[in-house]
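Dear colleague,

I am passing on the structure we talked about, together with notes on what came out of going through it. Please read the notes with the structure open beside them.

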Amino acid sequence: MKLCSCIFPVFAFVGLLLPICQVAAGTPPGGVQQTSPGEADLSAGIEAFKKSNFKEAKKKLQEALKANPESKRAYQYLGSTLTTLGEYDAAIKLFKKYFAQWPQDDYAYRGNATIQLAEKKFDQALETARKAKELNPANYETDYLIACALIGLNRPYEARDAADSALTLKPDYENGLRVRIQAGYRLYAFKNGLIIRSGTFLDEDERKRLNEEKAELLRENVDSIHRFLLQPNAPNRQFWQEQAVQIGEFAEAIADYVKPGESGPANPNFQRPRVIKMDKPEYTEEARLNRVNGSVKMLVLVDEKGTVDKVLVVDGLPHGLTESAIKTVGTGKFKPALRDGVPVKSLAFMEVTYNIY
């Protein structure tokens, strides 16, 4: 099984790394020569932060801030460090002190929004990020935070607009691309849900139109990647080139799937693929401890032999559940789709649901 590894499911932090994506919403600016007291500790703290040695960074940055309580960079890196370590109360206190000194600076708002996202307080995160946007409309990381909050609130149309704004401000901004793609996947899942819930009440023309819209959403994701790759400083080029190819394959598979007279429930000569057997999904211990419930939604490309060829995650869950779902689907054996009695490659939309009571 090949895996199209566009997995942007949830909010997972690594050093102020945000949702779905990975990036520091409050990443401090660089390139300023320090000449103030505490300079050595500040430099050592920043270096430790960049090496992901966050405990050492915290110690050095606290010393730097003690030596120079007016050092913006010490505040900023320490705020990022505390958030990374999950010390949210301490980070919030620090952001309050920062805001008291620099009330027109958007950094404290962005820091607080980052924490609110980590705590899944999406309404609060959206409000806080929008305050940051009022102070500094040109900060692309703020648009990213807004998009992440909107994803959390299941408002993918608005999230897509916010992600587009981030990419307009910084076309090579990888996390803007990640959240843009996730918004597209959320929209895909929404339109797919309309088809499933409508059952036989949806006429074939409307069903075909919705399927074509689904294919177009994936093509938009591919186009977003291509625009990103046009930027000379775009990171992780090989990864994104692979993503464009694989997402494009799914888009073409959908387009082929909805050709007139060739598929769909109205066509008696087409039979969808169906599961013959599949292993039970494993509920990870970490997910159990965090009491995670929900579904991992996937597009699955099933070949003519009934074997899973590729998996594309359109919505996932944290704490190893997305990976568990992919593994589970990979064990599946399907009765392949049939067209005029002949096995054909086809798509299936699958959900693996986890519930803990």
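**Salt bridges**

Glu213 and Arg209 meet through their side chains in a salt bridge with an N to O distance of 2.2 Å, a salt bridge being a side-chain nitrogen of Lys or Arg within 4 Å of a carboxyl oxygen of Asp or Glu. Both residues lie in helix α10, four residues apart, which is about one turn of the helix; helices here are DSSP runs of H or I with at least four residues, strands are runs of E with at least two, and both are numbered from the N terminus. Arg209 is partly exposed, with a relative accessible area of 34%, where buried means under 20% relative accessible area, exposed means over 50%, and partly exposed lies in between (1.4 Å probe, protein chains only). Salt bridges that share partners also join Arg160, Asp164, Arg180 and Glu220 into one network.

Before going further, please keep in mind that this is a predicted model, in which local features need pLDDT of at least 70 and side-chain atom pairs count only at pLDDT 80 or more, while totals for chains, interfaces and linings use all residues. Residues are numbered from 1 along each chain as its sequence is written, and side-chain values use heavy atoms, with hydrogens and water left out.

Glu213 has a salt bridge with Lys191 as well, at 2.8 Å from N to O. Because Lys191 lies in helix α9 and Glu213 in helix α10 (residues 204-229), this pair ties together parts that are 22 residues apart in sequence. Lys191 is buried, at 12% relative accessible area, whereas Glu213 counts as partly exposed at 24%.

Arg110 and Glu141 form a further salt bridge, with their closest N and O atoms 3.1 Å apart. That pair links distant parts of the chain, since Arg110 is in helix α5 and Glu141 in helix α7, 31 residues apart. Both Arg110 and Glu141 are buried. In total, the structure holds 24 salt bridges.

**The chain as a whole**

The protein chain has 13 helices and nine strands, and buried residues make up 52% of its 357 residues. Among contacts between residues at least 6 apart in sequence, 69% join residues at least 24 apart, a contact meaning heavy atoms within 4.5 Å. The accessible surface comes to about 16900 Å², of which 50% belongs to carbon and sulfur atoms; accessible areas come from the Shrake-Rupley method with a 1.4 Å probe, and for residues only the protein chains shown count as cover.

**Cores and a surface patch**

In soluble globular proteins, nonpolar side chains tend to be buried together. Here the largest nonpolar core has 47 residues, and those with the most contacts inside it are Leu218 and Ile225; a nonpolar core is a set of buried Ala, Val, Leu, Ile, Met, Phe, Trp, Tyr and Cys residues joined through side-chain atoms within 4.5 Å. A second, separate core of 23 residues includes Ala74, Leu78, Phe95 and Trp102. Leaving aside residues up to four places away in sequence, Leu218 touches Tyr185, Tyr188, Ile247, Phe250, Ala251, Ile254, Leu299 and Leu312.

Leu194 lies in helix α9 (residues 174-198) and is partly exposed, with a relative accessible area of 32%.

**Strands β4 and β5**

Strand β4 (residues 294-302) and β5 run antiparallel and are joined by six bridges, where two strands pair if DSSP finds at least two bridges between them. Val302 has Val308 as its bridge partner in β5. The two strands form a hairpin with five residues between them, and Gly306 in the turn has a positive phi of about 85 degrees. Eight of the eight residues of β5 (residues 308-315) are buried, so this strand is largely enclosed by the rest of the structure.

**Two loop residues**

Most residues other than glycine have a negative phi. Lys120, in the loop between α5 (107-118) and α6 (122-135), has a positive phi near 60 degrees and is partly exposed, with a relative accessible area of 48%. Asn154, in the loop between α7 (140-152) and α8 (156-169), has a positive phi of about 60 degrees and counts as exposed at 53% relative accessibility.

With best wishes
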